[in-house]
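Good morning, everyone, and thank you for making time for this. Please keep the sequence and the structure in view while I talk.

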Amino acid sequence: FIELAIVDGWQSIVKKGEFKVNEKIIYCEIDSFLPVSPEYEFLRKSCLKKNPDGQFGVCSRNLEKKAGALIDVARHFNLEEKLQSLGFNIAVQGELIGPGIQKNRYKLNRREVRFFTAFNIDSQKRLFYDEFKGLMEKLSLDTVPNMGIIKLDFNMERILSLANMHSSLADTIIEGLIFRAISNSHISFKVINNEFLLKNND
């Protein structure tokens, strides 16, 4: 069973009975990159490890993968060779879609990855969107659809309503939207489509 939790305007589907009203919690938006600082040390046990310089790795959430769909796709698109050709350490983040993945909602004939952000490990900085887009074009990698530029001058309810839409890839509702600031590479957050969560019980 699930229920809707609201944290400072953010709506999130949680396990029923897991939290109580006015309970003190730590809420981090989905796909957040948290800085290395004392206040986040309690999360270190569940964080991703840093590979030695030049070592390639494939991860899903907080687990490094050695086999499976992610590894197969990484090999198919020559990710290791492409990333190592850059000459610096970088992490790219994307969504795996296709047959066998979340019921293949986009009706694809093969598995693929749509990337949405990149993080320069050496400089410890997320790439600006234009830099990220240029990198993906250089490496011949696909990105998630760009829905355009908007000014966030409205409330959380309005932001959540934007995520309630159909995909440009297929006739299905989207999982959510990722917002990136144009002038500040550190500002990035994902808004989940609550209709998607309720329909798919994810």
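This is a predicted model: local features need pLDDT of at least 70, side-chain atom pairs count only at pLDDT 80 or more; totals for chains, interfaces and linings use all residues.

Residues are numbered from 1 along each chain as its sequence is written, and side-chain values use heavy atoms, with hydrogens and water left out.

Let me begin with confidence, where pLDDT is the predictor's confidence in each residue, from 0 to 100. The chain has a mean pLDDT of 84, and 91% of its residues reach 70 or more. Among the elements, the highest mean, 95, belongs to helix α3 (residues 129-139), and the lowest, 78, to helix α5 (residues 194-200).

Next, the architecture, for which helices (H or I, at least four residues) and strands (E, at least two) are DSSP runs, numbered from the N terminus. The chain has five helices and nine strands, and from the N terminus on they run β-β-β-β-α-α-β-β-β-α-α-β-β-α. The radius of gyration, taken over C-alpha atoms, is 18 Å, close to the 17 Å that the globule rule (2.2 Å times the number of residues to the power 0.38) gives for 202 residues, so the chain is as compact as a globular protein of that length. Along its principal axes, the C-alpha trace spans about 50 × 45 × 35 Å.

How much of the chain is buried, if buried means under 20% relative accessible area, exposed over 50%, and partly exposed in between, with a 1.4 Å probe and protein chains only? Of the 202 residues, 33% count as buried. Taking contact to mean heavy atoms within 4.5 Å, residues 24 or more positions apart account for 47% of the contacts with a separation of 6 or more.

V14 is found in strand β2 (residues 10-15) and is buried, with a relative accessible area of 15%. Leaving aside its neighbours within four places in sequence, V14 is in contact with F1, I2, E3, A5 and F19.

Not counting residues up to four places away in sequence, L135 touches L86, I90, A118 and L127. L135 and N194 are 59 residues apart in sequence, and their C-alpha atoms are 32 Å apart in space.

K103 is found in the loop between β5 (90-97) and β6 (112-120), and K103 is exposed, with a relative accessible area of 71%. Q124, which is not a glycine either, has a positive phi of about 55°. Q124 sits in the loop between β6 and β7 (125-126), and at 43% relative accessibility Q124 counts as partly exposed.
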